[in-house]
Amino acid sequence: MVYVYHDVIDSRGDTAGTEGEVFAAVQDCLEELIRLVQFCVNTLNAGSVWVTADHGFLFQREAPGETDRTELAVKPSNAYLTKKRYVIGPNLGPIANAHHGRTSVTAGTTCETDSGCLAAQAGFIL
């Protein structure tokens, strides 16, 4: 097994002074990972290669518009946790413009808590 920790994007895009370099960092990252996968397959004779990430990000070159800043319209009073873009609590029911799920499915919990997450324009992951 070969484990590689790759933080090119995080290290170049995490501060205000370098956040403008994030697109170049993504391109560099993809090129490096492609070369690494090719090396593993062609030189190390790897039969399987898994590429994963600990998190993702949404980023765009221009400032977000008002539609990108949409908040959840409904914030139920029985919620355990309510934020701008998600809500967690029991028996939430459907929430307009939000993905509805069970934390037992999305987060592997043993309880039957509901979750609602506002769907971003580029997609969402719960």
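**Talking through a predicted fold**

Student: Let's start with cysteine 40: buried or exposed, at a relative accessible area of 11%?
Tutor: Keep in mind that we're looking at a predicted model here. Buried means under 20% relative accessible area. Cysteine 40 comes out at 11%, so that residue is buried.

Student: How many disulfides does the structure hold?
Tutor: For a disulfide, two cysteine sulfur atoms have to be within 2.5 Å of each other. With that test, the number of disulfides in the structure is zero.

Student: Which pattern does the protein follow along the sequence?
Tutor: Start with the parts: there are three helices and four strands. Now put them in order, writing α for a helix and β for a strand. Reading along the sequence gives α-α-β-β-β-α-β.

Student: What percentage of the protein is buried residues?
Tutor: The protein has 126 residues. Its accessible surface comes to about 9500 Å², with 55% of that belonging to carbon and sulfur atoms. As for the residues that count as buried, their share is 17%.

Student: Which residues make up the largest nonpolar core?
Tutor: To belong to a core, a residue has to be buried and joined to others through side-chain atoms within 4.5 Å. There's another core of five residues lying apart from the largest one, and Val8, Ile9, Val22 and Ala25 are among its members. The largest has six residues: Leu72, Ala79, Val87, Leu92, Ile95 and Ala98.

Student: Which residues does lysine 83 touch, leaving out those up to four places away in sequence?
Tutor: First find lysine 83: it's in the loop between strand 1 and strand 2 (86-89). Its relative accessible area is 40%, so lysine 83 is partly exposed. Lysine 83 and leucine 72 are eleven residues apart in sequence, but their C-alphas are 8.2 Å apart in space. Leaving out the residues up to four places away, lysine 83 touches Leu72 and Lys75.

Student: Which residues form a nonpolar patch on the surface?
Tutor: Look at phenylalanine 39, in helix 2 (residues 22-42). Together the patch residues have about 360 Å² of accessible area, and they are Val2, Val4, Phe39 and Leu44.

Student: One last thing: what is the phi of asparagine 45?
Tutor: You'll find asparagine 45 in the loop between helix 2 and strand 1 (81-82). At 62% relative accessibility, asparagine 45 counts as exposed. Although asparagine 45 is not a glycine, its phi is positive, at about 55°.

Methods. Residues are numbered from 1 along each chain as its sequence is written. This is a predicted model: local features need pLDDT of at least 70, side-chain atom pairs count only at pLDDT 80 or more; totals for chains, interfaces and linings use all residues. Side-chain values use heavy atoms; hydrogens and water are left out. Patches are made of residues with over 30% relative accessible area and no salt bridge: like charges are joined within 9 Å, nonpolar side chains (Val, Leu, Ile, Met, Phe, Trp, Tyr) within 5 Å. Accessible areas come from the Shrake-Rupley method with a 1.4 Å probe; for residues, only the protein chains shown count as cover. A salt bridge is a side-chain nitrogen of Lys or Arg within 4 Å of a carboxyl oxygen of Asp or Glu. Helices (H or I, at least four residues) and strands (E, at least two) are DSSP runs, numbered from the N terminus. Buried means under 20% relative accessible area, exposed over 50%, partly exposed in between (1.4 Å probe, protein chains only). Contact means heavy atoms within 4.5 Å.
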